[in-house]
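Hi everyone, thanks for coming. I'd like to walk you through one structure today, so please have a look at the screen.

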Amino acid sequence: MRLSARVDYALRAAVALAGYGDRWVSAEQIAEDQGIPRKFLESILLQLRRGGIATSKRGSEGGHQLARSGDQISLADVIRAVDGPLVGVRGERPEQVAYTGTAAALTNVWIALRVSERNILESVSLAAVAGDDLPTSVTKLLEDPDAWVIRD
């Protein structure tokens with residue numbers, strides 16, 4: 001899996017918003033806290049607002065905050081808001097891609113990959129990352145990453 005700079009910055013910005021709770025925070029503060037270029041962050045915040053992840057308010061008391069609680073927004077939600085579906089093959093859903101001959105089973109590999117990604121990205125909330133309280137299903141993977149390698 002390759003995460004673009006846009007996705008990385010969006011995740012960092014969303015986790016920062018989760019860390020601020022229900023306080024309004026400026027784009028400048030997020031950019032400074034997370035080391036994200038300001039202009040890039042503004043574009044990302046717009047995508048997060050359009051995707052229902054964040055909200056904003058103008059004025060001296062304004063800024064940005066999450067549209068709902070950080071424990072109700074998964075990493076997958078953020079990725080989809082800025083980058084579309086989690087796993088796509090040439091811009092299509094894995095089950096819509098058909099191969100022939102000896103490559104026919106690749107469709108099933110892409111579907112399995114999407115399931116695996118979803119299992120992690122949908123189980124981790126912004127609040128869990130902000131609070132360094134990852135789900136057990138994720139921390140178990142970290143204890144012995146080689147134990148989870150599929151070998152036949």
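I'll start with the overall picture and then go through a few helices and loops.

First, a word on what you are looking at: this is a predicted model. The chain contains seven helices and two strands. If you read from the N terminus, the order of elements is α-α-α-β-β-α-α-α-α, so please keep that in mind as we go. Along its principal axes, the C-alpha trace spans about 60 × 35 × 25 Å.

Now some totals. Of the 152 residues in the chain, 32% are buried. The exposed surface comes to about 9,400 Å², with carbon and sulfur atoms supplying 49% of that area. For those of you who think about charge, there are 18 positive and 20 negative side chains, and the centres of these two sets are 8 Å apart.

Let's move to helix H1, which covers residues 5-20. This helix has 16 residues and runs 23 Å from its first C-alpha to its last, close to the expected 22 Å. What are the buried residues of H1? The list is Val 7, Tyr 9, Ala 10, Leu 11, Ala 13, Ala 14, Val 15, Ala 16, Leu 17, Ala 18 and Tyr 20. Their packing partners include helix H2 (27-34) and helix H3 (38-50). Both strands are partners too, S1 (54-57) and S2 (63-66), and so are H4 and H6. Just after H1 you come to Gly 21, which has a positive phi of about 65°.

Next is helix H5, residues 106-121. H5 has 16 residues and reaches 22 Å end to end between C-alphas, close to the 22 Å expected. Its buried residues are Thr 107, Arg 114, Glu 117 and Leu 121. Why do they sit on the same side of H5? Because they cover an arc of only 90° around the axis. On the other side of H5, you'll find Asn 108 and Asn 119 exposed. And what do the buried residues of H5 pack against? That would be helix H4 (75-83).

If you carry on past H5, you reach Ser 125, in the loop between H5 and helix H6 (126-130). Is Ser 125 buried or exposed? It counts as buried, because its relative accessible area is 13%, and the cut-off for buried is under 20%. Leaving aside neighbours within four places in sequence, Ser 125 is in contact with Gly 70, Asp 71, Ile 73 and Ser 74.

Most residues other than glycine have a negative phi. Asp 132, however, has a positive phi, near 50°. Asp 132 is exposed, because its relative accessibility is 68% and exposed means over 50%.

My last stop is Gly 51, in the loop between H3 and S1. Gly 51 is partly exposed, with a relative accessible area of 41%. Where does the chain bring this residue? The C-alpha atoms of Gly 51 and Ala 81 are separated by 4.8 Å, although these two are 30 residues apart along the chain.

Technical notes: Residues are numbered from 1 along each chain as its sequence is written. This is a predicted model: local features need pLDDT of at least 70, side-chain atom pairs count only at pLDDT 80 or more; totals for chains, interfaces and linings use all residues. Side-chain values use heavy atoms; hydrogens and water are left out. Helices (H or I, at least four residues) and strands (E, at least two) are DSSP runs, numbered from the N terminus. Buried means under 20% relative accessible area, exposed over 50%, partly exposed in between (1.4 Å probe, protein chains only). Accessible areas come from the Shrake-Rupley method with a 1.4 Å probe; for residues, only the protein chains shown count as cover. Lys and Arg count as positive and Asp and Glu as negative; His and the chain ends are not counted. The place of a charge is taken as NZ of Lys, CZ of Arg, CG of Asp or CD of Glu. The expected span of a helix is 1.5 Å times one less than its number of residues. The arc is that of the directions from the helix axis to the C-beta atoms. Contact means heavy atoms within 4.5 Å.
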